[in-house]
Amino acid sequence: MAGLDNIFGIHEQALLLRAKRSAVIANNIANADTPNFKAKDIDFMSMLNKEMNGAEKMAKTNGKHISVTASSNDNALMKFRVPTQPSIDGNTVDIDMEKARFAENAVQYQASFTFLNGRIKGLMSAIRGD
Amino acid sequence: MSFFKIFDVAGSAMTAQSLRLNTTASNIANAQNVSGNPESVYRAKYTEFSTVLNEQSEATGVKVDSISESEVAPLKLFDPKNPIADKDGYVYKPDISVIEEMANMISASRSYQDNVDVMNTAKQLMMSTLKLGQ
């Protein structure tokens, strides 16, 4: 039997990343009127790849090694948005686009959540056997 | 948990925007306020926003940096019948464009609403997460 670690597949990491991304976009919306604020976003694809494949993870070859947490170099994967209509005060937040991204992210969060929930329900019925 | 952070971020923006609304209301209310000498004329107030950064220099909301007063010279109106006019018959009025203030007010109220929406969405997502596995 496969380890229970991977039972939730990609959705466990995806849910956490979605929550993180919504915080980043919420911050863009909050700073929509702040002079010189530059809108940022998470490069979701590469971030998720990193979490899943562990390409940049350090191998633990000894039991005494300390594991590197996933969030230790997240800032490197935050990218600035390319402004479509930069304003005169140096702010690059496009409020309509940010709101659309926020809503999109919320729907994708719900999607990952639904998959997770289905998996848990499936497991529960397998355990109960009724 | 990232969603709790959203409440702080959106909350800080709502505080900042409501302060901006407050100064705008004050500017509109005092736009017609005349005075007998140019020093005591009401000066338009404007908020200046800046980003709040945490220890990792990640942006975590917005704050009102300062409230600055307009440096524009007051308007000088000839009104000798006014009881508070100076010895030459002039009164002084702040040079506030009510139209500009109205535009500022609409911008602030829209930004406030955007942050309320963000908070509502975050709340909904949190509530559904609490039901995970039920």
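Predicted model: local features only at pLDDT ≥ 70, side-chain atom pairs only at ≥ 80, totals over all residues.
**Cavities**

My cavity rule: on a 1 Å grid over the protein atoms alone, a set of points where a 1.4 Å probe fits but cannot get out, with lining residues having an atom within 4 Å of a point. For volume I took the space filled by probe spheres set on the points, with grid points joined across faces, edges and corners.

The largest cavity comes out at about 70 Å³. I listed its lining as V41(B), Y42(B), R43(B), A44(B), S70(B), V72(B), P74(B), P94(B), D95(B) and I96(B). By class that lining has 7 nonpolar, 1 polar and 2 charged residues. (Ala, Val, Leu, Ile, Met, Phe, Trp, Tyr, Cys and Pro go down as nonpolar, Asp, Glu, Lys and Arg as charged, and the others, Gly among them, as polar.)

The second largest cavity has a volume of about 40 Å³. I find R81(A), V82(A), P83(A), T84(A), T92(A), D94(A), M97(A) and E98(A) around it, which split into 3 nonpolar, 2 polar and 3 charged.

**A pocket**

Next I looked at open space (a pocket is an open set with protein on both sides within 12 Å along at least five of seven lines). The second largest pocket holds about 420 Å³. Of its 18 lining residues, A32(A), D33(A), V93(A), D94(A) and I95(A) are the closest to the centre. I noted that α3 (95-128) of chain A and α2 of chain B each give at least two residues to this lining. Helices here are DSSP runs of H or I with at least four residues, strands are E runs of at least two, and both are numbered from the N terminus. The pocket lining divides into 5 nonpolar, 6 polar and 7 charged residues.

**Where the chains meet**

I counted 31 residues from chain B and 25 residues from chain A in the contact (heavy atoms within 4.5 Å). The buried area is about 2,300 Å², with 61% from carbon and sulfur atoms; that is the accessible area (1.4 Å probe) lost on putting the two parts together, summed over both.

Across this interface I get 3 salt bridges, meaning a side-chain nitrogen of Lys or Arg within 4 Å of a carboxyl oxygen of Asp or Glu. One of them joins D117(B) and K99(A), at 3.1 Å from N to O. On the chain B side, α1 (2-29), β1 (45-53), β2 (59-69) and α2 (98-130) each give two or more residues to the face touching chain A. α2(B) gives the most, 10 residues. By class, that side of chain B has 10 nonpolar, 15 polar and 6 charged residues.

**Salt bridges overall**

In one of them K79(A) pairs with D43(A), with the closest N and O atoms 2.9 Å apart. K79(A) sits in strand β2 (residues 78-80) of chain A and D43(A) in the loop between β1 (40-42) and α2 (44-53) of chain A, so the pair ties together parts 36 residues apart in sequence.

**Conventions**

Residues are numbered from 1 along each chain as its sequence is written, and chains are lettered from A and ligands numbered from 1 in the order in which they are written. Local features need pLDDT of at least 70 and side-chain atom pairs count only at pLDDT 80 or more, while totals for chains, interfaces and linings use all residues; side-chain values use heavy atoms, with hydrogens and water left out.
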